[in-house]
Amino acid sequence: MRKIYTLLILFGFLVSSCSLDQEPTTFLTDDNFYQTTDDMNAAVLHAYQTMTFLDYLRPYMNIPTTASEEAFPKEGEGLNIDQFDEFNVDDRNQNLEQFFRLSYVGLNRANTVIEKTRNSDFDDSDKSKFIGEALFLRSWHHFMLVRLFGEIPIQEKAIDQLSEVFGAKNASIEEVYTVLIRDLKEAISLLEIERSGGRADKVAAQSLLAKVYLTMASAKDYLSPGYDWVSSATTYYNLASEMASFVINGQAEYTFDDDLQHIFDVSTPEAFNGPEHIFFIPQDRNGLVEGEFSKLSRFFIPANAPTTSFTKDNIKLHGGFGVYVAELSFINSFDLNDKRKKDLIIEELFDENGNQLWVPSGGESQPFTGKYLDPNFIGDNTSTHPYLLRYTDVLLMYAEAQGPTMNGYEAINRVRARAELLPLTPGLSERDFREKVVEERAFELAYEGHRLYDLRRTNKIEAVLNGIYGKTLSTGLYFFPIPAIEKELND
């Protein structure tokens, strides 16, 4: 990636607390950069790069994985990760601080691309692509922030002086969603359908807008805190259905993968960027620094698992850190015939001759997800990565938005059939059908970072977490506190 050194970039590194240990060979400024499409493409890649920083990647998975019924954190794990398990989250939580900060670095970089490209004389197709991708990234960051924190500062302008960040005021949740919808509509109008692993295209923007609409619809429908301003659940269910339909029925580049395990196969470049993968953070085992490569698999593999072992499907594993410990009651809630449990939950490991080496032994030694395995790992380096938007996620969004129509049933039953489950009971009420879709999402998207947000938008935090684990939930049920350091800077 081209090195970019402007006041903006220095600001980005300052607030991110991340260092790439780079030294500039040429001092670049706004006056001698952003002059060519190569320059601008480098700036776009620089905007995507924010999501590869560990201060972004780790909280992205830490927060929703441990703040749901999927898993609890290993005892003694740092960055206040234990607070999410008990929803005893304070405004000094390091995961929240890091994610908040890096999200605004990402917003700043996206805004720079938008402003510089709008004022350029590049070819129209190049301008459309660069602006469209940056608008998608701006939307992604605003959406993640509003779902985590509720009222947040909207950032629509590039900042090149540190003093410009002081005094920023929170916008209402409604104002954030207004910006989200506007930006994603423009991104959709500008982008083409163009698969390029890890970069957003028209389908990614449509998928994200469908998720935005569905969040508004379901939050209004279920009276989730913070969404009383939404005019009509029905209106936004219809808009979510329409947008998801463009993904399901309006293109052929991204499709439903009938092979469940293939979705999570990163052993080859072709599998890595498979038919389901609409948008993801591309990490490759051949990367030179963590962020370029991933250790995500180690976070799920129990710490007492053998350093070298094999699954029943002969996938070679390394040892693990056991940061995320599966809640056994969640694992046990899968239907016994569900392939997503039989094939994607690891409950025993073997040596190369097929002799059993490991089974869960209780405590922090529990079954673990097989969605993040790389048989071709190189030491700590793997190509495993978070799946931010995939086709089945959109298919289930479409089912939920449709309700108990023929199309809604077809969509959810396609997912259930792949899992070797019977079709959903016909004739369900609208509410019962949508409850079943949300439940299906829990099993289908387990350990992919979606469950917390599904519980929040359907107003189920207390019912699910208190009801299953007997927890006494305290703060941050529907929105976590803005980090104290950010509030202090803005006062």
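Select helix H7 (residues 173-190) and helix H8 (residues 202-221), which pack at an angle of about 155 degrees with their axes 9 Å apart. H7 is therefore roughly antiparallel to H8, the term for angles over 145 degrees. Axes here are lines fitted to C-alpha atoms over the stretch in contact, and angles run from 0 to 180 degrees between N-to-C directions. Helices (H or I, at least four residues) and strands (E, at least two) are DSSP runs, numbered from the N terminus.

This is a predicted model, in which local features need pLDDT of at least 70 and side-chain atom pairs count only at pLDDT 80 or more, while totals for chains, interfaces and linings use all residues. Residues are numbered from 1 along each chain as its sequence is written, and side-chain values use heavy atoms, with hydrogens and water left out.

The crossing of H7 and H8 is left-handed, that is, the near helix is turned anticlockwise from the far one by less than a right angle. Display the contact (heavy atoms within 4.5 Å): among its residues are Tyr177, Leu180 and Ile181 of H7 and Leu208, Leu209 and Val212 of H8. By class, the residues of this contact divide into 12 nonpolar, 2 polar and 2 charged. Ala, Val, Leu, Ile, Met, Phe, Trp, Tyr, Cys and Pro count as nonpolar, Asp, Glu, Lys and Arg as charged, and the others, Gly among them, as polar.

Ser207, Ala210, Lys211, Leu214 and Ser218 in H8 meet Asp393, Val394, Met397, Glu400 and Ala401 in H14. The contact has 5 nonpolar, 2 polar and 3 charged residues.

Continue to Leu223, in the loop between H8 and helix H9 (233-249). Leu223 has a positive phi of about 60 degrees although it is not a glycine. At 67% relative accessibility, Leu223 counts as exposed; buried means under 20% relative accessible area, exposed over 50%, and partly exposed in between (1.4 Å probe, protein chains only).

Next, select Asn80, in the loop between strand S1 (71-73) and helix H4 (82-86). Asn80, not a glycine, likewise has a positive phi of about 60 degrees. With 23% relative accessibility, Asn80 is partly exposed.

Finish at Phe350 in strand S7 (residues 349-350), which is buried at 15% relative accessibility. Leaving aside residues up to four places away in sequence, Phe350 touches Ser309, Phe310, Thr311, Lys312, Asn355, Gln356 and Leu357.

How values were computed:
Angles under 35 degrees count as roughly parallel, over 145 as roughly antiparallel, 65 to 115 as roughly perpendicular and the rest as oblique.
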